[in-house]
Amino acid sequence: MATAIRLRRLGAIAAASGGVYYTLLSNPSISSSDRGDGSVLTAIKQKITDPFAVVPSRDVQESALMGSSSANPLDILVVGGGATGCGVALDATTRGLRVGLVEREDFSSGTSSRSTKLIHGGVRYLEKAVFNLDYGQLKLVFHALEERKQVIDNAPHLCHALPCMTPCFDWFDAIYYWMGLKMYDLVAGRRLLHLSRYYSAQESVELFPTLARKGKDKTLKGTVVYYDGQMNDSRLNVALACTAALAGAAVLNHAEVTSFLRDEASGRIIGARIRNNITGKEFDTYAKVVVNAAGPFCDSVRKLADKDVKLMICPSSGVHVVLPDYYSPDGMGLIVPKTKDGRVVFMLPWLGRTVAGTTDSNTKITMLPEPHEDEIEFILDAISDYLNVKVRRTDVLSAWSGIRPLAMDPEAKSTASISRDHVVCEDFPGLVTITGGKWTTYRSMAEDAVDAAINSGKLSPPNKCSTYNLQLIGADGWDPASFTVLAQQYVRMKRSYGGKVVPGVMDTAAAKHLSHAYGTFAERVAAIAQNENLGKRLAHGYPFLEAEVAYCARNEYCESAVDFIARRSRLAFLDTDAAGRAVPRIIQILADEHKWDKSRQKQELQKAKEFLETFKSSKNAQFYDGKHN
């Protein structure tokens with residue numbers, strides 16, 4: 001019986017491949033929307049790529065929000081500074097609309113910084129499309145693969161193609177995965193990153209030395225390697241916010257919507273009361289349409305309009321752990337589509353370490369979700385089945401939990417409509433909500449939300465959507481060899497413990513890091529390291545420099561120590577203990593930049609400590625059961 005089912009699956013893949021090929025020929029481009037006026041795109045690019053461009057200060061951005069009135073409102077006010085919210089701000093601004101954005105915490109402080117770091121088309125969705133003969137699912141994969149390529153092209157310094165290895169412990173799996181991933185290539189069409197291919201067992205262990213050749217009762221037959229994208233998620237999010245700011249949007253982090261403003265006659269939402277969470281100052285911002293892009297917290301925003309509103313978010317927790325680099329080779333990931341209990345598990349090289357995950361379980365919505373110890377143990381247990389290295393709890397450098405905002409249409413009659421696709425709705429006049437979806441499709445989600453906002457507010461933007469081919473800040477003119485300019489032309493001036501300034505080489509690791517994190521603006525950071533004696537590393541074994549703290553405070557709206565360790569650099573996600581040791585120096589530099597007093601510095605130290613305690617490194621482990629000691 002099992003063999004018959006397997007053969008039917010192979011037949012379904014073969015039949016579907018022919019259908020996909022026909023679909024590609026008859027519909028070469030899934031996207032049919034007009035991508036915008038060329039002259040408009042050129043003008044926006046000039047602003048974004050100006051080598052002397054500086055984002056407007058917080059005071060300027062706050063003044064722009066405060067300057068709106070009922071007689072002269074913004075066109076759109078975005079609530080939420082994650083990937084979708086910043087994408088909405090950028091899309092609307094480039095269409096020629098007046099746009100504001102507020103974020104309660106920091107850009108990417110929620111789900112958008114706690115992702116799997118993959119930009120993917122959805123191999124599992126393709127499998128469902130084939131076996132359920134679901135053309136709707138197939139269209140989602142088409143669309144995601146198209147957006148995957150555009151995300152990489154629009155921010156090549158922050159995104160890249162990553163080969164992912166799928167181990168096969170029997171010959172049926174080898175044939176099944178090879179055929180399925182060849183179909184994935186076919187669906188990608190002109191958006192293909194690289195062709196998938198089969199490797200023998202010997203070739204596989206040469207490419208992935210820690211891969212086990214023998215499982216509990218099976219021997220490795222070979223692997224199939226395919227390609228998806230990988231990103232530095234929070235830095236991509238910050239780049240979106242800064243690009244929107246340069247394009248003309250008034251973006252303000254650490255600013256919270258406390259209530260909505262309504263038209264007395266019609267009841268329509270016409271703006272919001274906003275509190276600056278740094279200064280405590282409150283003010284009103286008027287807008288023709290408010291876009292709710294608050295991710296898992298979108299129901300909290302909707303409750304400001306109606307406390308009895310029907311909820312549309314079903315939160316799901318995704319836990320990830322970070323392990324030392326020797327767990328996986330640089331430049332090759334490992335993905336197991338189905339473990340012994342039916343879950344997906346992966347190990348991916350990321351910023352010099354290995355990220356492993358993930359879980360998918362119900363959770364409650366909180367500002368700082370924490371991984372449970374049993375979830376960490378599950379991940380360690382799952383990857384240990386496929387590795388020849390001893391998997392130890394003490395190797396966990398960081399562990400975090402992110403909340404996936406699985407969305408349900410509020411007008412649906414049952415929870416069966418819960419989807420990983422996005423939902424756009426306007427259940428209150430003047431308030432458009434966009435939620436669900438995934439990082440890969442943030443740009444098209446933003447496009448849909450702006451289209452809905454235009455309809456809601458009867459807006460007349462002068463331009464059409466221009467974000468499809470719009471490169472983000474730092475991307476224009478960047479190439480993978482850009483780091484060599486930093487290595488050859490800059491030195492790292494470091495202040496020793498005795499106060500003496502000594503020169504240090506701009507080594508390859510530091511130069512590559514700066515180039516990939518800041519793109520063509522990396523020279524600005526290198527200049528600070530050289531000219532302001534801020535060339536010292538913040539943490540031993542990591543390439544992050546003191547100069548980055550100053551640069552981010554001046555140019556990326558970095559307003560707290562947590563902003564830096566979590567979103568501007570990724571030190572908290574890579575190594576919780578190293579981040580803790582770096583915090584005092586980070587606070588010193590930020591205090592100089594923002595003119596903090598001693599009280600604020602003490603407050604920052606406490607907040608950073610509390611934040612890092614939610615990242616369950618081996619030091620923060622709640623208990624040990626002896627299994628992975």
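1. Buried residues make up 57% of the 629 residues in the chain, where buried means under 20% relative accessible area with a 1.4 Å probe and protein chains only. This is a predicted model, in which local features need pLDDT of at least 70 and side-chain atom pairs count only at pLDDT 80 or more, while totals for chains, interfaces and linings use all residues. Residues are numbered from 1 along each chain as its sequence is written, and side-chain values use heavy atoms, with hydrogens and water left out.

2. The chain has 20 helices and 20 strands; these are DSSP runs numbered from the N terminus, H or I of at least four residues for helices and E of at least two for strands. Of the contacts with a separation of 6 or more, 74% are between residues 24 or more positions apart, a contact being heavy atoms within 4.5 Å.

3. Helix H16 (residues 546-555) is largely enclosed by the rest of the structure, because 9 of its 10 residues are buried. Those buried include Glu 546, Glu 548, Tyr 551 and Asn 555. Their cover includes helix H9 (233-247), helix H14 (508-518), helix H15 (522-531), helix H17 (561-568) and helix H19 (576-594). After H16 comes Tyr 557, with a positive phi near 55 degrees.

4. The whole structure holds 3 cavities of 30 Å³ or more. A cavity is a set of points, on a 1 Å grid over the protein atoms alone, where a 1.4 Å probe fits but cannot get out; lining residues have an atom within 4 Å of a point. Points are joined across faces, edges and corners, and a volume is the space filled by probe spheres set on them.

5. The largest cavity has a volume of about 140 Å³. It is lined by 17 residues, with Arg 235, Ile 473, Phe 521, Tyr 551 and Glu 556 closest to its centre. H9, H14 and H16 each give two or more residues to this lining, and H9 has the largest share, 4 residues. By class the lining of the largest cavity has 12 nonpolar, 2 polar and 3 charged residues; Ala, Val, Leu, Ile, Met, Phe, Trp, Tyr, Cys and Pro count as nonpolar, Asp, Glu, Lys and Arg as charged, and the others, Gly among them, as polar.

6. The second largest cavity has a volume of about 70 Å³. Among its lining residues are Asp 91, Asn 154, Tyr 442, Arg 443 and Thr 467. Helix H4 (83-94) and helix H12 (442-457) each give two or more residues to this lining.

7. The second largest pocket holds about 1000 Å³ of space; a pocket is an open set with protein on both sides within 12 Å along at least five of seven lines. Its lining has 36 residues, and His 160, Asp 330, Leu 351, Gly 352 and His 516 lie nearest the centre. The largest share of this lining, 5 residues, comes from H14. At least two residues each also come from strand S4 (159-168), strand S6 (222-231) and strand S13 (345-350). The pocket lining comprises 17 nonpolar, 11 polar and 8 charged residues.

8. Thr 285 lies in strand S10 (residues 282-292) and is buried, with a relative accessible area of 0%. A polar atom of its side chain lies 3.1 Å from the backbone oxygen of Leu 65. Beyond its neighbours within four places in sequence, Thr 285 is in contact with residues including Leu 65, Met 66, Leu 261 and Ile 274.

How values were computed
Buried means under 20% relative accessible area, exposed over 50%, partly exposed in between (1.4 Å probe, protein chains only). A polar contact is a pair of N or O atoms within 3.5 Å; within protein, one must be able to donate a hydrogen and the other to accept it, and residues adjacent in sequence count only if both atoms are side-chain atoms.
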